Amino acid sequence: MTGQIFADAGMGMFMSNTGVDNIFSPLVIMGCRQIGINPIPFLSSLRVAGATAFLTPMAASSIPLVMSTGGYKMKDIIRVSAIPMVIVTVSCILCNLNMFQIYL
C-alpha cells in the first residue's frame, strides 16, 4: 500500500492527479481481485495519494506563481510540504488498515 501511495503521488507531480488516479484504479482493482483481497482500502489510499500530490511544487499551476512572486525556492516548498505529506500518508495507511476489512 505504501509503494502504491508513493507511486501515485510521484506520478501526480508530473501528470494530472485525476488522470493518475484513473490510470491506477483499474490496476489496483485487478491486482486485488487476483490476490483475493478487498480493493476498497487500496482505492481509498489511492485517492488520498492523489490529493497529497498537491503539496508538491509541480502538481498545481498556482504553486510556481507563488514561488516566483514570493521569492521562494524549490527547496523551501519541498521542506514545507514534506512533513504534511508524510503525516497524511502514514495516517491514511493506518486508518485504511483499521477501518476496512482487507480479506473478503
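Arg79 is exposed, with a relative accessible area of 55%, where exposed denotes over 50% relative accessible area, buried under 20%, and partly exposed the range in between, for a 1.4 Å probe with protein chains only. The model is a predicted one, in which local features require a pLDDT of at least 70 and side-chain atom pairs count only at pLDDT 80 or more, whereas totals for chains, interfaces and linings use all residues. Residues are numbered from 1 along each chain as its sequence is written, and side-chain values use heavy atoms, with hydrogens and water left out.

Arg79 takes part in a salt bridge with Asp76, the closest N and O atoms being 2.9 Å apart; a salt bridge is here a side-chain nitrogen of Lys or Arg within 4 Å of a carboxyl oxygen of Asp or Glu. Both Arg79 and Asp76 belong to helix H5 (residues 74–99), where they are 3 residues apart, about one turn of the helix. The structure holds 2 salt bridges, and Arg47 forms one with Asp21, with the closest N and O atoms 3.7 Å apart. This pair links distant parts of the chain, since Arg47 is in helix H3 (residues 40–52) and Asp21 in helix H2, 26 residues apart. Arg47 is partly exposed, at a relative accessible area of 41%, whereas Asp21, at 9% relative accessibility, counts as buried.

With regard to the overall architecture, the protein contains 5 helices and 0 strands, these elements being DSSP runs numbered from the N terminus (helices, H or I, of at least four residues; strands, E, of at least two). The order of the elements from the N terminus on is α-α-α-α-α. Taken along the principal axes, the box filled by the C-alpha atoms of the protein is roughly 50 × 25 × 15 Å. Of the 104 residues in the protein, 35% are buried. Among the contacts in the protein with a separation of 6 or more, 62% are accounted for by residues 24 or more positions apart, a contact being defined by heavy atoms within 4.5 Å.

The predictor's confidence in each residue is expressed as pLDDT, on a scale from 0 to 100. The protein averages a pLDDT of 82, and 95% of the residues score at least 70. Among the elements of the protein, the lowest mean pLDDT (77) is that of helix H1 (residues 2–12), and the highest (88) is that of H2.

Ala49, in helix H3, is buried with a relative accessible area of 1%. Thr56 is placed in the loop between H3 and helix H4 (62–70) and, at 5% relative accessibility, counts as buried. Ile35, in helix H2, counts as exposed at 63% relative accessibility; its C-alpha atom is separated by 9.6 Å from that of Tyr103, 68 residues apart along the chain.

Met11, Phe14, Met15, Ile23, Leu27 and Met30 make a nonpolar surface patch of about 610 Å². Patches consist of residues with over 30% relative accessible area and no salt bridge, like charges being joined within 9 Å and nonpolar side chains (Val, Leu, Ile, Met, Phe, Trp, Tyr) within 5 Å. The largest share of the nonpolar patch, 3 residues, is contributed by helix H2 (residues 17–35), in which Met30 lies.

For a disulfide, defined as a pair of cysteine sulfur atoms within 2.5 Å, the count comes to 0. Cys32 is in no disulfide, the nearest cysteine sulfur being that of Cys92, 14 Å away; Cys32 is buried, with a relative accessible area of 5%. Cys95 is likewise in no disulfide, and the nearest cysteine sulfur, that of Cys92, is 7.5 Å away; Cys95 is partly exposed, with a relative accessible area of 40%.

Key:
Accessible areas come from the Shrake-Rupley method with a 1.4 Å probe; for residues, only the protein chains shown count as cover.
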